[in-house]
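Please walk through the structure below, one region at a time.

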Amino acid sequence: MSSDTREPIPAARPVIGEEEIEAAVRVLRSGRVVQGPEVAAFEEGFSELVDGRHCVAVNSGTSALHLLLLALGIGPGDEVIVPSFSFAASANAVRLVGADVVFADIEPGSFCLDPAAVEAAVSPRTAAIMPVHLYGHPAAMDRLMPLADKHGLAVVEDACQAHTAALGDKPVGAFGAGGTFSFYPTKNMHSLEGGMVTTADAEVARTLRLLRNQGMEQRYANEIVGANMRMTDVSAAVGRVQLGKVHGWTEQRRANAAYLDRHISAPGVTVPPVAEGARHVYHQYTIRVQGDRDAAMARLTEAGIGNAVYYPTPIHRLKPYWEPDQKAGRIWDLPETERAAAEVVSLPVHPSLSSEDLDRIVGAVNSLGEIQ
């Protein structure tokens with residue numbers, strides 16, 4: 001198969017339009033550039049996406065996870081149950097507060113935590129469960145929340161890939177003790193960089209505000225030990241513009257995914273299923289490829305179709321986790337995680353795709369049957 005000479009279709013494309021640029025310039029000209037009125041307005045606007053919960057803006061999704069765990073009092077001696085099939089930040093945040101990571105397996109359809117595996121992993125030291133709404137598909141919160149209540153555990157939602165996703169009529173980020181979102185440029189909406197913590201607890205929200213700002217609400221009146229994890233007003237202004245667009249972009253992602261679902265028919269390729277009652281927002285459109293995945297990805301690249309593997313190495317096999325666990329004799333049995341890491345390929349699904357782009361993606365994927 002010869003290489004496609006047309007412009008490649010990128011796997012992801014950040015959207016930065018004139019409105020975003022004008023918002024950033026407006027803030028720069030104002031001189032109020034850090035933790036000012038734009039941040040407060042962004043927090044208020046984002047609250048509408050999470051059933052009116054308190055929202056605390058920070059400088060990244062990783063910071064959001066880190067500070068939420070701190071605000072909930074999770075630390076040394078505690079265990080947090082986390083999927084290994086996720087970006088390393090999910091587990092890194094647990095390590096950063098001094099708690100131990102316990103890995104649990106995923107469900108093959110959603111790629112999210114398997115509640116049965118979570119229950120089997122609960123120990124006397126378990127303090128929290130961290131479901132990751134991976135690729136924009138909500139985790140099984142209808143089963144995880146009762147499990148957490150049964151064992152008296154906090155639920156920390158990693159919704160960094162799942163803006164506006166929902167299960168039933170409830171949005172992600174509004175289920176547990178707190179939720180976290182990322183505004184990295186390739187996410188469903190962005191603020192150039194940044195994160196958000198959501199919580200129904202006013203005291204947790206106040207603690208988060210202290211933690212992000214050196215432990216103080218009033219200047220030089222430090223109440224606790226904190227850090228500098230503030231969001232800039234430039235980022236918040238961009239985020240506010242994107243808040244007005246995210247619903248339309250999400251519907252375009254869902255429409256693009258539906259088109260791919262209907263037309264991809266290659267043998268050995270499985271399109272992403274959606275659980276009953278779940279609103280998938282397709283941060284990634286992730287297929288499974290049987291057979292030679294490397295050859296399949298090379299074929300897609302030759303055809304000009306951006307593609308990537310999220311994530312080729314499960315967290316439990318990364319050096320910072322693998323080596324200490326091996327020394328401690330902790331062996332994780334995660335067959336669905338291992339299978340997913342060996343089979344997944346993410347395809348373009350972003351809202352900038354044209355109908356021609358979608359047809360090119362379908363044609364390239366359906367040609368994979370020739371090499372399986």
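In this predicted model, strand 12, covering residues 285-289, runs antiparallel to strand 13, and four bridges join the two. Within this pairing, Thr286 stands opposite Ser346 of strand 13. Helix 12, residues 335-343, packs on the sheet and touches both strand 12 and strand 13. The direction of helix 12 makes about 95° with that of strand 12.

The sheet as a whole is open and consists of three strands in the order 10-12-13, with antiparallel pairing. Strand 10 (269-270) and strand 13 (344-347) each have a single partner strand and stand at the edges, so one side of each is left without a neighbour in the sheet.

Elsewhere in the chain, strand 9 (residues 195-199) contains Val197. Is this residue buried or exposed? Val197 has 0% relative accessibility and therefore counts as buried, the cut-off being under 20%. Apart from neighbours within four places in sequence, Val197 is in contact with His54, Cys55, Val56, Ala64, Leu68, Gly179 and Leu208. Leu208 lies eleven residues from Val197 along the chain, and the C-alpha atoms of the two are separated by 8.2 Å.

Rolling a probe the size of a water molecule over the atoms shows where empty space is left. The count comes to three cavities of 30 Å³ or more. The largest cavity holds about 80 Å³ of space. It is lined by 14 residues, of which Arg13, Val15, Lys187, Asn188 and Arg253 are the closest to its centre. By type, the lining of the largest cavity divides into six nonpolar, five polar and three charged residues.

Technical notes: Residues numbered from 1 in each chain as written. Predicted model: local features only at pLDDT ≥ 70, side-chain atom pairs only at ≥ 80, totals over all residues. Heavy atoms only, no water. Pairing = 2+ DSSP bridges. Contact = heavy atoms within 4.5 Å. Axes fitted to C-alpha atoms, helices over the stretch in contact; angles between N-to-C directions. 1 Å grid on protein atoms, 1.4 Å probe; cavity = no way out; pocket = protein on both sides within 12 Å on 5 of 7 lines; lining within 4 Å. Points joined across faces, edges and corners; volume = space filled by probe spheres on them. Nonpolar A, V, L, I, M, F, W, Y, C, P; charged D, E, K, R; others polar. Buried < 20%, exposed > 50% of the residue type's maximum accessible area, 1.4 Å probe, protein only.
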